[in-house]
Amino acid sequence: MLSLDLLIFVSLIYVAFLFGVAFWAERASDAGRGGWMRTPLIYTLSLSIYCTAWTFYGAVGFAARSGLEFLTIYLGPTVVLIGWWLILRRLVRIARAERITSIADLLSSRFGKSALLGGLVTVMAVVGTTPYIALQLQSVTTSISVFAMGTQNILSSTNIALWTAAGLAVFTIVFGTRNLDVNERHSGVVMAIAVEAIVKLLALLAVGVFVVWGLAGGPGDVLARIDASPISQWEVSTGRWIGLTFLSAAAFLCLPRMFQVMVVENSEESHLATASWAFPLYLLLMSLFVIPIAVVGLDILPAGSNPDLFVLTLPLSAEQNGLAMLAFLGGFSSATSMVIVAAIALSTMISNHIVPPIWLRARGQGATISGDVRSVVLISRRISIIGILTLGYLYYRISGGGAALASIGLISFAGIAQILPVMLGGIFWQGATKIGALAGLICGLVVWSYTMFLPSFGPEVLISQELIDHGLWGMQWLRPTALFGIQGLDPVVHAVLWSILLNSFAFVAGSILSRPSPLERVQAVQFISAFDSGPSARGWQRGATDAEDLLSMAQRIIGAAQAQNLFRTVAQRQGKQGYLPDPTPQFLETLERGLAGSVGAATAHAMLGQMARGSSVTVEDLMAVADETAQIMEYSNQLEAKSGELTTTARKLRDANDKLTKLSIQKDAFLSQISHELRTPMTSIRAFSEILQDPDLAEGDRPKYARIIEDETQRLTRLLDDLLDLSVLENGQVSLELRQASLRDILDRAQASANAGQHIKIRRSAGLEDISILTDPDRLTQVFINLISNAVKYCEVPQPELRIIVNETPAAITVDFIDNGAGVDKANQDMIFEKFARASDHTKAGGAGLGLAICREIIINLGGQIFYLPGQRGAAFRISLPRD
Amino acid sequence: MIGKRDQTIKRAANAARGQRVTDSALILPCVGMILFLLPIMWLRSSEVAPAAGIATSTALIYLFVVWAILICCALGLALLIKRFGVGRS
């Protein structure tokens with residue numbers, strides 16, 4: 001028989017070896033030589049924490065009691081893993097994108113970063129895991145007690161359990177809470193677990209090989225022994241086969257420790273592809289020899305031996321002490337690795353979902369985060385680890401370690417499986433809401449507790465026999481073992497069926513009946529569309545957040561160096577020097593994810609929410625986003641309007657330019673015209689002056705020539721007078737002598753001055769002319785004279801006639817001068833008011849062509865208008881004068 | 001131009017193959033589940049004459065063979081998925 005002292009000694013050496021491996025792995029990882037630790041092989045081996053002491057010892061016991069039914073515990077995970085493409089890949093992708101730290105974080109994050117949901121899942125995980133930890137402690141003490149049989153030793157079983165729990169707590173605290181960012185991954189722990197995975201596989205294979213080829217006579221003999229054994233026939237009930245397979249698959253996905261190694265510690269998605277075949281292979285090897293060991297144990301060990309311990313007792317009975325020692329270490333590995341990872345996963349959940357909400361609330365509103373949050377989180381994590389192991393130890397003490405291993409494991413599985421509907425709904429169904437999730441989880445938890453957890457302690461411990469027999473408040477249909485009066489089901493199947501069914505129903509109904517918050521909607525889209533890469537929905541908007549405050553907070557949570565690194569990288573990306581980037585929405589989102597890696601999504605969101613108060617997504621924010629769109633549209637409209645304005649201005653400029661060009665041409669024309677007009681009389685004056693100087697000139701001609709010179713001089717003077725007059729009028733420098741005058745008087749004077757009576761017949765409408773107007777009578781007379789003279793000059797008909805018609809409208813007084821001549825060509829109508837413009841022969845007119853130009857200027861100065869009136873069968877001019 | 005067209009055809013063929021691989025990856029767990037659940041249709045010895053029931057040894061061999069086949073299929077699929085780079089963005 002192996003001495004207990006040697007066993008303890010070897011165990012301690014093994015534990016020291018594990019510490020050494022973990023230390024070395026941490027060191028290598030710190031030095032950047034940890035690349036090979038992130039290989040698919042290590043990943044697959046770390047998944048083996050699924051195989052706990054329950055698997056190692058309990059599977060054989062399970063098989064000895066119920067035959068092949070034990071396989072369901074492995075078949076479920078096998079199906080999940082070969083179906084990795086559907087669920088696991090999505091989980092890993094989401095966890096990577098959202099920096100998920102635990103399964104509680106996953107649900108909390110999915111349902112609007114709800115602290116309540118995170119807390120509830122954490123509580124469920126703790127309740128579901130505690131019996132499991134107790135189970136591991138029990139297996140260690142039971143296995144040691146096998147060796148202690150017959151010897152007197154100071155170590156009692158409770159002592160062993162206590163020391164084991166304490167040792168595990170130390171290991172977990174040292175390697176599990178060394179750093180805060182879960183995404184840095186626990187290389188030491190993972191490495192130690194990988195080593196333990198190999199040890200337990202080798203141990204079980206070694207025992208199996210020994211049993212098949214050492215104790216029995218090879219595979220053929222074993223098959224014969226199976227046929228001869230009490231479990232020779234296929235006795236598995238349909239309900240249990242389906243129920244347990246489903247339960248193990250669900251637990252595999254939802255167990256906090258499995259989520260930790262499978263999703264959180266996953267460094268590359270492609271590792272899943274390898275694990276999809278390698279881990280089922282591992283499970284196959286682990287279960288390959290279970291039936292042979294059970295059958296041979298039942299065959300050769302004395303009746304009444306505990307089948308849970310066949311793995312140890314078979315080698316011991318054959319005096320194979322070395323093999324027994326290896327088997328013990330295998331079982332020890334199974335137990336410790338499970339406890340370590342479970343404690344890490346649970347402590348992360350507690351420190352992220354239970355402590356911070358309480359802590360933040362205790363500090364009150366508006367508390368700026370002071371002190372080192374890192375230390376708070378780390379301390380809370382360490383205390384959680386101690387607390388979890390204490391709970392496990394207490395459960396072990398209270399339950400007395402009596403129940404068969406398998407049944408405790410199944411209770412745990414069923415409790416954890418309550419998370420499954422909500423988790424699957426969360427990653428596949430966009431309509432799932434927080435209310436639905438809470439309803440489902442609470443419903444599942446209550447039904448599971450009532451039908452499975454509470455009765456598991458036995459009658460009269462937590463619930464009375466009366467209740468078990470007659471149901472709650474004496475209602476038969478509420479009996480914990482026969483809900484709704486359905487009897488005859490296996491207790492486990494009964495509990496799983498009802499808890500999962502009611503859970504799913506409450507989840508779906510709650511989701512359909514409730515409405516998600518804006519943040520929930522945003523997160524739902526993020527989760528459902530995990531495989532559509534693209535910009536994430538905006539979670540933060542540029543607020544009044546100060547980058548310096550953010551930095552000081554981030555330093556306390558993720559560490560100074562890492563925080564500074566992050567900030568500087570972002571600042572550089574924004575093109576800024578130094579450590580303080582602009583608090584853009586993108587930056588806040590990055591930061592939130594960084595913080596979420598340390599303290600969980602809900603806490604990170606709450607912390608940033610406190611810093612950037614009111615910046616979290618609310619309906620107002622969404623409206624602001626809409627506003628922004630509206631602003632952009634408005635801006636674009638403004639641009640369009642401005643562009644239109646520019647076009648108009650450009651057109652105006654072009655018009656102005658055209659006008660200037662025209663004016664310039666006009667000016668040139670005017671200059672050449674005036675030169676010509678001046679030159680003609682000057683030429684005749686010079687010519688006749690020369691003639692006058694001729695001594696041979698006949699005396700009679702001299703006065704004639706002198707008169708010509710005088711006429712020409714007068715013409716010149718008149719021209720110059722007109723020009724001067726025009727210039728004064730055009731410049732608006734004319735001084736008008738406005739007074740009331742009778743239009744009739746003015747017309748009379750003009751008619752008289754023009755001396756037109758003998759050349760043209762003038763017809764006037766006397767009745768209408770009695771109008772008194774405020775004007776400059778002399779100037780107006782000048783205009784009228786000019787128009788009458790024009791009619792005299794140009795009206796070339798046998799009986800010329802000029803009609804002068806006065807009209808009065810409310811706004812103006814019009815005076816029309818209409819003759820019965822040929823009128824003005826249409827082509828010349830526009831030109832006649834221009835200087836030097838003459839519609840007909842130059843010489844005949846006898847003027848310089850400035851008359852109408854002067855008229856126009858005078859009328860304009862008087863505030864009126866003069867224009868040519870077409871269509872009157874003769875030349876027609878209309879003068880329109882404003883009324884007073 | 002021809003080279004470009006060849007490339008396009010090759011890419012289309014690869015995409016089609018990748019689609020077949022991912023479809024298989026979705027179907028494999030269903031096949032596994034059905035094969036693992038087939039035993040519920042086996043007769044139990046208690047219901048009929050003991051000799052008519054399925055022996056544990058037979059069931060054991062059936063389950064382990066199915067398991068091994070599934071593992072091989074998963075291995076093949078994992079290799080194909082890596083080769084075609086499916087699912088990588």
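The model is predicted.

Chain A has 884 residues, and 46% of them are buried. Its secondary structure comprises 35 helices and nine strands. Of the contacts in chain A with a separation of 6 or more, 80% join residues 24 or more positions apart. Chain B has 89 residues, of which 20% are buried. Two helices and zero strands are assigned to chain B.

Confidence was examined along chain A. The average pLDDT of chain A is 79, and 84% of the residues score at least 70. Over residues 534–539 of chain A, the pLDDT falls below 50. That stretch still has ten contacts in the model beyond near neighbours in sequence. Residues 613–619 of chain A also have a pLDDT under 50. For residues 613–619, the model has 14 contacts beyond four places in sequence.

The two chains touch. The contact involves 34 residues of chain B and 33 residues of chain A. On the chain B side, the elements giving two or more residues are α1 (2–37) and α2 (56–84) of chain B. Helix α2(B) gives the most, with 15 residues. By class, this side of chain B has 25 nonpolar, seven polar and two charged residues.

Helix α16 of chain A spans residues 321–353. The distance from its first C-alpha to its last is 47 Å, close to the 48 Å expected for its 33 residues at 1.5 Å a residue. Helix α16(A) is mostly covered, with 31 of its 33 residues buried.

The largest nonpolar core has 199 residues. The residues with the most contacts inside this core are A:Cys254, A:Ile293, A:Val311 and A:Ala414. Helix α16(A) gives the most to this core, with 20 residues. The core draws at least three residues from each of two domains of chain A: domain 1 (4–26 + 34–361 + 373–410) and domain 2 (419–534). Around A:Ile293, neighbours within four places in sequence were set aside. The remaining contacts of A:Ile293 are A:Val60, A:Val207, A:Gly208, A:Val211, A:Phe310, A:Val311 and A:Leu314. A second, separate core has 39 residues, including A:Ile785, A:Ile818, A:Ile858 and A:Ala876. In soluble globular proteins, nonpolar side chains tend to be buried together.

A:Ala791 lies in helix α32 (residues 777–794) of chain A. A:Ala791 counts as buried because it has 28 C-beta neighbours inside 10 Å, and the cut-off for burial is 20 or more. Beyond four places in sequence, A:Ala791 touches A:Ile760, A:Leu802, A:Phe817, A:Asp819 and A:Ala875. A:Ala875 is 84 residues from A:Ala791 in sequence, but their C-alpha atoms are 7.9 Å apart in space.

A:Pro491 belongs to helix α23 (residues 491–513) of chain A. A:Pro491 counts as partly exposed because it has 16 C-beta neighbours inside 10 Å. A:Pro491 and A:Arg240 are 251 residues apart along the chain.

Technical notes:
Residues are numbered from 1 along each chain as its sequence is written. Chains are lettered from A and ligands numbered from 1 in the order in which they are written. Helices (H or I, at least four residues) and strands (E, at least two) are DSSP runs, numbered from the N terminus. A residue is buried if 20 or more other C-beta atoms lie within 10 Å of its own, exposed if 12 or fewer, and partly exposed in between; C-beta atoms are placed from the backbone. Two residues are in contact if their C-beta atoms, placed from the backbone, lie within 7 Å. Ala, Val, Leu, Ile, Met, Phe, Trp, Tyr, Cys and Pro count as nonpolar, Asp, Glu, Lys and Arg as charged, and the others, Gly among them, as polar. pLDDT is the predictor's confidence in each residue, from 0 to 100. The expected span of a helix is 1.5 Å times one less than its number of residues. A nonpolar core is a set of buried Ala, Val, Leu, Ile, Met, Phe, Trp, Tyr and Cys residues joined through C-beta atoms within 7 Å. Domain bounds come from an automatic or database domain assignment.
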